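I opened the notebook to go through this model piece by piece. My entries follow in the order I looked things up.

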Amino acid sequence: MLLYFAPGTCALAPHIALEWSGANYAIEKVDLRSEAYRQVNPLGMVPALRIANGRLLTQADAILKFIATSFPDAGLGAGDGELAEFNLDEALAFLTGDVHPAFWPYFGPGRFTTKTDDDSLKAVRESAYPRIERVMNHLEHMLEEGHVVNGKRTIADPYAFAMIRWTANLPKTWKEYPVIADFMGRLLKDPGVQAALSAQGLT
Ligand SMILES: N[C@@H](CCC(=O)N[C@@H](CS)C(=O)NCC(=O)O)C(=O)O
C-alpha cells in the first residue's frame, strides 16, 4: 500500500492507523497544488491510499474504516455492542463533517472571500474560532472515557489527534482543554504516533 500525504494534514490519521495496524506500507509526500498529484487524485486532496489491486482509495474516514477492517487483529474497529458500529460511524461523521470544516476558514480564508488584503483574510480566519471552539468543547466531552468512542482505541483516535493538532497556533490551543490535553499527551507518547510524526517531519 502507498499512502499519499502532505505533512500535518488529515492524512496523518491513516498514517498512524497504518502504523497501529502493522500493515506493510510506504508513504509519498505530495505537493497538493501540483499537476503531478492531480494525475494521481484529480481532487488534489490527501489522504489517498493506493492498495494492492491498484485502486486509489480517497476520503479519510472511508480509508480509516478500510484499514480497521483489513487488519482486524489490530482492534481498531468499533468493537462489540449493539450501538458500537453506529457510535464509531457517528464519531467519524462528526470529525469529517463538523471538525474538519470548522478549520477551513482558518487554513484557507481565501476560499471564503473575494477580498485579498491582509485584514480581510485575518477577519475570515478569526471567524473560524467560535466554531472550532464548539467542536473542541464537544471533543472534550467525548474524550472523557479516554478515547473518542466506545471507551477503546479505534480509528477515530488518530483522526481526532490529527485535527486537534491544528489548534496549536490558535488563541485557545488544545492544551487549554484538560481532557483533550490528557488524550494528546498519551498519543504523543505512543510509538506509532511518534513514527508517523517523524516520517512526516513533524514533532
Ligand atoms: N473529503 C476529504 C477532504 C480531505 C481534505 O480536505 N484534505 C486536505 C488536507 S487536511 C487537503 O487535501 N486540502 C487540499 C485542498 O483542499 O485543495 C476527506 O475527508 O478525505
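Where does Pro47 lie? I found Pro47 in the loop between α2 (35–40) and β3 (48–50); helices (H or I, at least four residues) and strands (E, at least two) are DSSP runs, numbered from the N terminus. The peptide bond from Val46 to Pro47 is cis, with omega near 5°.

Notes on the source. The model is predicted, so local features need pLDDT of at least 70 and side-chain atom pairs count only at pLDDT 80 or more, while totals for chains, interfaces and linings use all residues. Residues are numbered from 1 along each chain as its sequence is written, and side-chain values use heavy atoms, without hydrogens and water.

Positive phi. I looked up Gln59, which has a positive phi of about 80° although it is not a glycine. Gln59 sits in the loop between β4 (56–58) and α3. Its relative accessible area is 44%, so Gln59 is partly exposed (buried is under 20%, exposed over 50%, partly exposed in between, with a 1.4 Å probe and protein chains only). Asn150 is not a glycine either, and its phi is positive at about 60°. I placed Asn150 in the loop between α7 and α8. Asn150 is partly exposed at 29%.

Helix α4. This helix covers residues 84–102, 19 residues in total. From first C-alpha to last, α4 reaches 26 Å, close to the 27 Å expected at 1.5 Å a residue (1.5 Å times one less than the number of residues). I noted a kink of about 30° centred on Leu95; the bend is the angle between axes fitted to the seven residues ending there and the seven starting there. Buried residues of α4 include Leu88, Leu92, Leu95, Val99 and His100. The buried residues of α4 pack against α3 (60–70), α5 (104–107), α7 (129–142) and α8 (156–164).

Pro105. I found Pro105 in helix α5. Pro105 is buried, with a relative accessible area of 13%. Leaving aside neighbours within four places in sequence, Pro105 is in contact (heavy atoms within 4.5 Å) with Phe112, Val124, Arg125, Ser127 and Ala128. Tyr129 is 24 residues from Pro105 in sequence, and their C-alpha atoms are 9.2 Å apart.
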